[in-house]
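Take a look at the chain below.

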Amino acid sequence: SKRMMSTLSGRLQSAMKEGGPTRGIEVCTDDAVQIKHNISRETGWQVTRVSDNVRDPLLGTPDPWEQRNFEEMKKMVAEGKDPANVSRAEVVDEPNGEYLRYMSPIPTRKVCTNCHGTQDQISPEVEDLLEEEYPHDEATGYEVGELRGAVSVKMPLNESTNSTDTTMTTE
């Protein structure tokens, strides 16, 4: 999860310096998906980003385990806990075997509000691009400090576990 976010964050920072928030959207549209696929291929783990307010409903919609744990993380942050301390982990038994499930938070930072903030924080240019790229976007309206999403990792724990299980979402 740290590798996913540090790689994505580095690319986003470079893109934003180069071309502002609209260039950042391109990174999230293209690079983020490639980063998670590369990490998943290299490790054999399923790595994804999830949220209850997704930018693209085909990507990032949480499965039941992720939904339950994301809600718990949001509750803890709303109660004043530092987002850095609300990660969740659990060994779960599934039809294909045992998995270690892990989620780490994606809190909203000031820079995030350029594309994920309230309507008055998002420029008309960014708003137009989001509407074009993500016609079903629900990933706006966030304030700094709110939990915007989570990185989810699903790691097989035994030989009978099928590491190509596709029950996870792909974002």
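Buried residues make up 40% of the 171 residues in this chain. Here buried means under 20% relative accessible area, exposed means over 50%, and partly exposed lies in between, with a 1.4 Å probe and protein chains only. The model is predicted, so local features need pLDDT of at least 70 and side-chain atom pairs count only at pLDDT 80 or more, while totals for chains, interfaces and linings use all residues. Residues are numbered from 1 along each chain as its sequence is written, and side-chain values use heavy atoms, with hydrogens and water left out.

Now the surface. The chain exposes about 9,300 Å². Carbon and sulfur atoms supply 49% of that area. Such accessible areas come from the Shrake-Rupley method with a 1.4 Å probe; for residues, only the protein chains shown count as cover.

Next, the build. The chain has four helices and four strands. These are DSSP runs, numbered from the N terminus: helices are H or I with at least four residues, strands are E with at least two. In sequence order, the pattern reads α-β-α-β-β-α-α-β. The radius of gyration is 16 Å, close to the 16 Å that the globule rule gives for 171 residues, so the chain is as compact as a globular protein of that length. This radius is taken over C-alpha atoms, and the globule rule is 2.2 Å times the number of residues to the power 0.38. Along its principal axes, the C-alpha trace spans about 50 × 35 × 25 Å.

What lies inside? In soluble globular proteins, nonpolar side chains tend to be buried together. A nonpolar core is a set of buried Ala, Val, Leu, Ile, Met, Phe, Trp, Tyr and Cys residues joined through side-chain atoms within 4.5 Å. The largest one here has 12 residues, among them W65, F70, M73, Y99 and L147. Helix 2 (64-78), strand 3 (97-107) and strand 4 (147-156) each give two or more residues to this core. Helix 2 gives the most, with five residues. Another core lies apart from it, with 11 residues, including L8, A15, I39 and V151. Back in the largest core, pick out M73. Leaving out residues up to four places away in sequence, M73 touches V86, R88, M103, S104, P105, L147 and A150.

Turn to the charges. How many salt bridges are there? The count comes to 12. A salt bridge is a side-chain nitrogen of Lys or Arg within 4 Å of a carboxyl oxygen of Asp or Glu. K74 pairs with D52, and their closest N and O atoms are 2.3 Å apart. K74 lies in helix 2 and D52 in the loop between strand 1 (46-50) and helix 2, so this pair ties together parts that are 22 residues apart in sequence. K74 counts as partly exposed, at 26% relative accessibility. D52 is partly exposed too, at 29%.

Another salt bridge joins E94 and K154, with the closest N and O atoms 2.8 Å apart. This pair links distant parts of the chain: E94 is in strand 2 and K154 in strand 4, 60 residues apart. K154 is buried, at 1%. Both residues belong to a network of salt bridges that also links D63, E66 and R101.

Notes. Contact means heavy atoms within 4.5 Å.
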